[in-house]
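Here are some remarks to read with the model open beside you. Please take the points in order and look up each residue as it comes.

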Amino acid sequence: MLVAKIFTFPKAGVLDPQGSAIKPVISNLGFTNVKDIQTGKYFEVKIDACDVAEARKTVQELCSKVLVNPVVEDYEFEILEA
Amino acid sequence: MLVAKIFTFPKAGVLDPQGSAIKPVISNLGFTNVKDIQTGKYFEVKIDACDVAEARKTVQELCSKVLVNPVVEDYEFEILEA
Amino acid sequence: MRCAVIQFAGSSGDGDCCHVFKNILGQSADYVFHKETFKPADFDIVVLPGGASHGDYLRPGALSAHTKVMESVKEAANSGKLILGIGNGFQILLEAGLLPGTMLINKDIKFYADEVLVKVENTATPFTNLYKKDEVIRLILSCKYGSYFADAKTIEQLKSQNKIVLTYCGFGKNGDEEDPVASMENIAAIANQEGNILGLMPHPERCAEEILGNTDGLRMFQSILQYFEGGKTL
Amino acid sequence: MTAREEAKNLGLTDLEFDEIVKTLKREPNYLELSLYSVMWSEHCSYKNSKAVLKRFPTEGPQVLQGPGENAGIVDIGDNLAIAMKTESHNHPSAVDPYQGAATGAGGMLRDIFTMGARPIALLNSLRFGKLDDDRAEYLFREAVAGIGDYGNAIGVPTVGGEVYFDDSYEENPLVNAMCLGIVPHDKIVLGKAAGVGNSVMIVGAATGRDGMHGASFASGELTEGNEDQGSPMQVGDPFKEKQLMEACMELLQKEWVVGVQDMGAAGVVSSTSETAARAGNGIEIDVALVPQRDKDMKPYEIMISESQERMLVIVEKGHEDDVKKIFEKWDLDAVKFGTVTDDGMLRILENGKVVGEVPAASLAGGVPIVKRESRRPEYLDKLQTDFSKIPVPSDLNDILLKLLDLPNIASKAIVYRQFDQTVGTNTVVTPGSDAAVLRIKGTKRGIAVTIDGNGYYCYLDPYEGGKQIVAEAARNLVVSGAKPVALTDGLNFGNPEKPEVYYQFEKCVDGLSDAARKLGVPVISGNVSFYNEGKHTAIYPSPVVGMLGVLEDVEKHCTMDFKQDGDVVVLLGE
Ligand SMILES: Nc1ncnc2c1ncn2[C@@H]1O[C@H](COP(=O)(O)OP(=O)(O)O)[C@@H](O)[C@H]1O
């Protein structure tokens, strides 16, 4: 069994309302060294695949079909042994 | 400048309605090798810190104070050069 | 009775609460903006209204829990003032640690807006003294994150100390719809140990006038008034 | 590339290019061409529809503001008025139904509160393909969630709407939003850049590269390739909009506010040129002063960006800091970036250097109006059905149950349960009835509101269909106990360059107009959305009508449920 850790984030230039609402709250709390925050989604997917290549393919398909909204989101992932 | 990639996910035993809603959709699409999916949040935080140790401390504080709900969420993070 | 209605960034139930205290109950009600502070002595009751403060970003109530005014709210709470959190106000109380537990997204991940039937489990509170025990009343629920969750110990405590104040017992106009929320123990409202803080998900302020077709919520506000006029005992 | 070729790439016709050269007495530069291309797109200029829209009755003693402003305004008594408008967001909703529908609701709200009116109710009219189609189901689900999340977060109740499923909308769904706001007569603010020397400010969110050329995108058919315009989709931020709304409500109480306009489609260029043109003035702005979210934005990008949650504010000179103070309270930017001038020009500077200069009135209203060819579609002649030949079903009970099960007839509770219907504590009659009824706090009065359409009728007979819709809306109000006072329309049609589509458009407008005139219900605002076509299908001609009624005594409203055993049931009409 392999595990894919997938995270999504706003495409370049796309507004991140959530991140921009969190930022001032963090500053007010005194986190002066936090310069920027971007938000996205995280998925942890268990895949029953023989090898990493097969799992990669599944993840890419999964992302483009269901998990990710390609109009506004980009994604990255890594695959590990469960 | 360092970048922290932070992932949150439901604690063991806590319901994940989003994950449970996505699962049947995925099966219906024929992803038979996807055995489980869990959802969480992803944050990418830019931190102006001298070293990784300092950044770690900031991230831990940030998570326990704001980003993570300790009642239902766990988190992991990694710190990279920007 | 002097009432403070907190205006968080993005509150939308503030006007509705003020309307009930002022125009229906004839009491004084003042807005307090989230960037301001106040003294416990300034008010008898502090209302944290509904709405999606901070757009419900991160988690509902999470960002508002860190605003300046919350220091005053905590001070007022600790000095025994009444605190009423409705909807998002309840979520803010949870995030601020003034009430235990948290709210998860509704079971069906959808916003739910309709009437619900709730049972009054505890009438020995300043907020429910005019209801009858086990009375079933109609209120309006309007939320996406209304599924109450707490660890087993907290739930046990709430039960043994009789701090579960309202529970859901039916959804939809006739109360016969499937439960979209899946709240633990069907919790719709809880109080803190001392009993001066109440958080509830449904909106009593929207059910307080004949013209709106439902006055079941009015008695919550009248209970508060009764509590002050009849000599305070918690 | 020559300027003429560039113009063509931007969607301008030869005729339009010639008109621009004639107006400027020189060739336009790229920035200027970009401005014309968005302002002269169908979405902003109404070049295909203007002539026909003149047929609407728009006057009446109750009308305080007819078409031509951000929203129409009608008197409801007690010195109060209702501002209302309909807006379409069809094309963005086909690309990203969640964001498309959400930003549609957002733009609609801004049109209302720019006029000084506090939004009190939202409605929507939705058309999708049949639900057994996966994509249609996805579009429907996401659009409903988008409308809900935006309206719910901002705290304006959604009190009504309609949903209809048909194959003709499979490729091109329709998402129309309607909003109503309340304003005392003396607090109405118009979108006018009056007073030479006054300050022009941009308030709200920072500007990014969102939805570049969105307005011209909305004016083209949905074909493969133009689904991704290579520029980011606008993402709505209801939290920011709520802050903007509260800041504006505070601002608009001030007597030194001269004019306000929403930055919707074509953002800075449309708001500056339209406010200037309405006042017969000019505006000089420096784009470098506009707060920017993205790096290295070019002047043309700043001018036509469709970033959401922004407004243009014109105030008397000297009050800039007062504006800043109000917006600071709500954690929003407010920056002076221009001045009202007397020369009628929209002059664009970048760090003090002029980079473009065109007459504001020519951008806002100078597009050559096209008289489109109109031809009666052949299908209309083939529609003869002999109803006497349709067999009467043997088991009518069975048919009744089947009918009630159809998505188009079944209860829409699954939709409106996702919308907060009661925030604001004004909603007397919630969705599920013929019309929503709201009380007006501080008075005995109430209003009733409904939104209706019937694309299939309009397909079968555009003129009668148009009439029917107005009649249905009026009936929905009357049975709720209200007297209809005004309407707002959303005209959703296919490609107007096709004579058959133009025929449908004209006839529908005629039908709507004749019925509105007959019933004494003027049209005070509206929206036109053309090019609603996919690769294989064109939508039914789908005008929708939002209508407002007034109840002198809101206690006397009527609901549709049977009240008591033994009550008499009467059928009115033929
Ligand atoms: N998209 C929607 N949003 C809000 N309310 C809706 C929506 N669709 C339908 N409704 C409500 O459901 C009820 C029935 O709608 P509809 O089926 O269009 O009724 P009718 O055909 O009788 O006019 C109305 O009260 C309407 O306001």
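How do the residues of the shell around the ligand divide into nonpolar, polar and charged?

1. The model is a predicted one, and in it the shell around the ligand divides into 6 nonpolar, 5 polar and 3 charged residues. In total 14 residues surround the ligand, and the closest are Asn124(D), Gly160(D), Gly161(D), Gly432(D) and Ser433(D).

2. An oxygen atom of the ligand lies 2.6 Å from a polar backbone atom of Ser433(D), and an oxygen atom of the ligand is 3.1 Å from a polar backbone atom of Gly161(D). A nitrogen atom of the ligand, in turn, is 3.3 Å from a polar backbone atom of Glu162(D). The ligand taken alone exposes 550 Å², of which the protein buries 76%.

3. The elements of chain D that give two or more residues to this shell are β4 (118-128), β5 (158-165) and α16 (413-416). Of the elements, β5(D) contributes the most, with 4 residues.

4. Turning to the chains, chain A is superposed on chain B by a rotation of 180° with 0.0 Å of shift along its axis, and the RMSD is 0.2 Å. The two copies are therefore related as by a two-fold rotation axis. In chain A, the C-alpha nearest that axis belongs to Lys41(A), at 2.2 Å from it.

5. The interface can be read in a similar way: 100% of the interface residues of chain A are interface residues in chain B as well, so the copies meet through the same surface.

Technical notes: Residues are numbered from 1 along each chain as its sequence is written. Chains are lettered from A and ligands numbered from 1 in the order in which they are written. This is a predicted model: local features need pLDDT of at least 70, side-chain atom pairs count only at pLDDT 80 or more; totals for chains, interfaces and linings use all residues. Side-chain values use heavy atoms; hydrogens and water are left out. A residue is near a molecule or strand if one of its heavy atoms lies within 4 Å of it. A polar contact is a pair of N or O atoms within 3.5 Å; within protein, one must be able to donate a hydrogen and the other to accept it, and residues adjacent in sequence count only if both atoms are side-chain atoms. Accessible areas come from the Shrake-Rupley method with a 1.4 Å probe; for residues, only the protein chains shown count as cover. Ala, Val, Leu, Ile, Met, Phe, Trp, Tyr, Cys and Pro count as nonpolar, Asp, Glu, Lys and Arg as charged, and the others, Gly among them, as polar. Copies are superposed by least squares on the C-alpha atoms of residues with pLDDT of at least 70 in both. Contact means heavy atoms within 4.5 Å.
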